[in-house]
Amino acid sequence: MKKYAIIIIILFTSLLSAQVMQNKEPVDLPASGSKFLSDQIIVQGLYIRTLGNFNKVWTSGSGGYVSYGMFFPDHNTLNFQIGYIDYELQEDLDSLNGSLYVIPLLIGGKYFFIDSRFMPYFSFMNGINIINQTISFEVEVDADGNENIHIDDTLGDETLVRYAWQVAMGIMINVVGGLNLDLAVKYNAHFYHAEAMNTGFEYGFGLVWSLNK
Amino acid sequence: MIKKFTNKPLVQYVPILLFIPLLFTSLSKAQSNSIDDAEQSSTKFNNQIFLALSNANTSLDELDFNNRAGLSLAIDYNKLRFNRKLIAKQNSFDNDYVPHVATKHFWLSVGELAIVEFIPWAAAKWVRDWPNPEDNWANVSADTWWRNISYGWEYDGDAFLTNYFAHPYHGSLFYNVGRSNGYSFWESTVWAAAGSGLWEYFGETFRPAFNDWINTTVNGITLGEVLHRLSIVVTDNTATGSRRVWLEIGGALINPVRGFTRLISGETARVYPNPEDRKPDDFIFKFDVGVRRIDEKGSGAEFATKGQQEGILAIDFLYGNIMKDDLMNPFSSFSLSAAIGTRGSALTRLQGRGNLFGWELKNNRSVQHRFVSTLDYNYWSNPGFIYGGTSTVQQIISRFSIGEKTNIVTSAGAEFILMGATLTDYFEDVEGRNYDFGPGVGINLSGTVKSGIWNIVRLRYTSKWIWTQSEPADSKHHLHFIFLDGGYPITDYIFFGIGAGVYWRNSAYNYSQEVIDQIPDDQPVYQTDVQTANPVVMLFLSYAVY
């Protein structure tokens, strides 16, 4: 039954759309200039709640970003982002006294849905994470599919470079002049080890200076 | 005995059942918009121009419809007996129509994206016969979605054809969801990435595969833009009658998403001006038939006695001219080449390449240099080796004129491989992956003596380094391919060619003892360094159709 319902919805949506699309549609006029969007400098604090196997060792992270956004009409910015993130061990692993910090170097873009005082946006960033750690862990999957975590706290300082990937939904709120508030929820899928990706939800709060506004 | 009714056969035809009513509704509209051919032929017109317009189904743009002055010179209006059909014909040409792609259609794109995601998912869930229902990767649920979000990326174990053809093709559909609905080249890349990301996280029970996301998105962009432009070349907005019907069907087969969008926007049936850049100044469509002999084992020495011989059929599209066109207009110049072979994988080669951006460095009558950044898609699968590539090449292309129609064209480029794939010597995944994945870099060099459209002599060399990221990850590969080909143009359209070359691979493995212990018994004995060489020779006949 469900299948037929889906088929009917698709068919009728298409036909309805066909009717609507018969009408001539006006061409968008070129933007004469944005009201609130321009080149930006962003300073943002962040808190990360990790997920999956990574969370079994490193439970959360905190830090900040500085980014520069280059405005492209009508609603886009090209962003360059650098930051620092320090991760916290799970409570039961505190005795290991390990540390893991990440310096992300990311490039990507934001699409602002509207150019107004309240500007919701979608962003995609990717690049590399420079990871420094004093303990490492790997996940071994046995024949029955059980996952066993092996922690190595004898390696001293180790530096890794891994690909990083992040999508976000956020809102930028113009406060006064060129000053804006920025709130964002991000999903991170950073590479770490094959069975232990550094995944997590990131919450960001920051200030944005719109240049030339 | 009560026979249990099954609706499975019906469900198998869901995409066709959906498509047929839409197609026929629109095509009947296309017919009704055009002048009824039979009725026309029964009416005696004394104006030859009008007969040419209506009965021969001649494309209006070929008659320079906008050149009203020219048309009025050709027709003595005072002598015309105006017929209502002539008026209808002229009225049906909607010069003021604003094309669908002139504005962005976000929600229509979202709807089409949902359809493009839904059809293969539904086919897997309800149509495909799974010997073990637990293997059905389409049985997604909130639990599998959350697991995929929590655990993130991995590299999958799919066969080469799936990862380097099926996924890029699916990506081309995602890309064209945007491209057919008013989004630019760069904007449509977001649709490809988003469509692929949604599929990886929510369309399958498996963890999202990073290689799929890259290949579907980036190769999907290459293939998508190529198919978008080719379908524009094929369709003709000014055509009417049966010619229009066939052109619309052809365009929809090349680019189904654009075909569907034209269908529901009413453009399939509307007569209106073609886009100015519908046909590039330079366009070549040719096909080759020939034979190829290649060393299958990779030993090189046994090529003469144990090489594999196969027949090859290839088609090539060369759109635009990279030495003439505006390089800042992405894919204003591109090539698409596909070949099928009689042994091994039927699809033996698929290559797409288009300019992303670039600029002129020097241009005078005898010498020209251009910097060009291209997006490259490579699929090579033959009895000797496989190579898959998703890359961008930064190159300097030079032309040295040595005759009226003869030039030497050279190219030197640095390649950045986002996702490369090459054979591994020790493992084959249960799902068929017998190759390693990873990013890499490469150099590409070529020199060609060209006469007209033909390569009289051409020498190409490429070298690529790939660092394996898929498990087991501790290996790296250095690939080389050198090929010399050339021939003689028998006529302006027929060319006899011959070519010879060598592909060779140096692979370095640094597996732990734990990994070495897992190498199956039927695989070669583990060595840290492996060299293979596959010589190849070929003979072919090319025919330039267009």
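1. Let me start with B:Leu356, which has 18 C-beta neighbours inside 10 Å and so counts as partly exposed; the cut-off for a buried residue is 20 or more. Please keep in mind throughout that this is a predicted model.

2. Where that leucine sits. B:Leu356 belongs to strand β4 of chain B, which covers residues 347–363. Leaving out residues up to four places away in sequence, B:Leu356 touches B:Pro330, B:Ser373, B:Thr374, B:Leu375 and B:Thr392.

3. Chain B as a whole. For context, chain B contains 15 helices and 12 strands. Of its 546 residues, 37% are buried. When contacts in chain B between residues at least 6 apart in sequence are taken, 67% of them join residues at least 24 apart.

4. The main core. Which residues have the most contacts inside the largest nonpolar core? They are A:Phe54, A:Met197, B:Phe174, B:Val177 and B:Trp191, in a core of 67 residues. Helix α9 of chain B (residues 160–179) supplies the largest share, with 7 residues. Domain 2 (100–265) and domain 3 (290–544) of chain B each give this core at least three residues. As background, nonpolar side chains tend to be buried together in soluble globular proteins.

5. B:Trp191 is worth a look on your screen. Setting aside neighbours within four places in sequence, B:Trp191 is in contact with B:Phe174, B:Tyr175, B:Val177 and B:Gly178, as well as B:Ser109, B:Leu113 and B:Tyr183. Two of these partners, B:Phe174 and B:Val177, are also listed with B:Trp191 among the residues with the most contacts inside the core.

6. A helix pair. How do α11 and α12 of chain B meet? The axes of α11 (residues 210–234) and α12 (residues 241–254) come within 8 Å and cross at roughly 175°. The two helices are therefore roughly antiparallel to each other. On the α11(B) side the contact is made by B:Leu227, B:Leu230, B:Ser231 and B:Val234, and on the α12(B) side by B:Leu247, B:Gly250, B:Gly251 and B:Ile254. Sorted by class, this contact has 5 nonpolar and 3 polar residues, with no charged ones.

Key:
Residues are numbered from 1 along each chain as its sequence is written. Chains are lettered from A and ligands numbered from 1 in the order in which they are written. This is a predicted model: local features need pLDDT of at least 70, side-chain atom pairs count only at pLDDT 80 or more; totals for chains, interfaces and linings use all residues. Axes are lines fitted to C-alpha atoms, for helices over the stretch in contact, and angles run from 0 to 180 degrees between N-to-C directions. Helices (H or I, at least four residues) and strands (E, at least two) are DSSP runs, numbered from the N terminus. Angles under 35 degrees count as roughly parallel, over 145 as roughly antiparallel, 65 to 115 as roughly perpendicular and the rest as oblique. Two residues are in contact if their C-beta atoms, placed from the backbone, lie within 7 Å. Ala, Val, Leu, Ile, Met, Phe, Trp, Tyr, Cys and Pro count as nonpolar, Asp, Glu, Lys and Arg as charged, and the others, Gly among them, as polar. A nonpolar core is a set of buried Ala, Val, Leu, Ile, Met, Phe, Trp, Tyr and Cys residues joined through C-beta atoms within 7 Å. A residue is buried if 20 or more other C-beta atoms lie within 10 Å of its own, exposed if 12 or fewer, and partly exposed in between; C-beta atoms are placed from the backbone. Domain bounds come from an automatic or database domain assignment.
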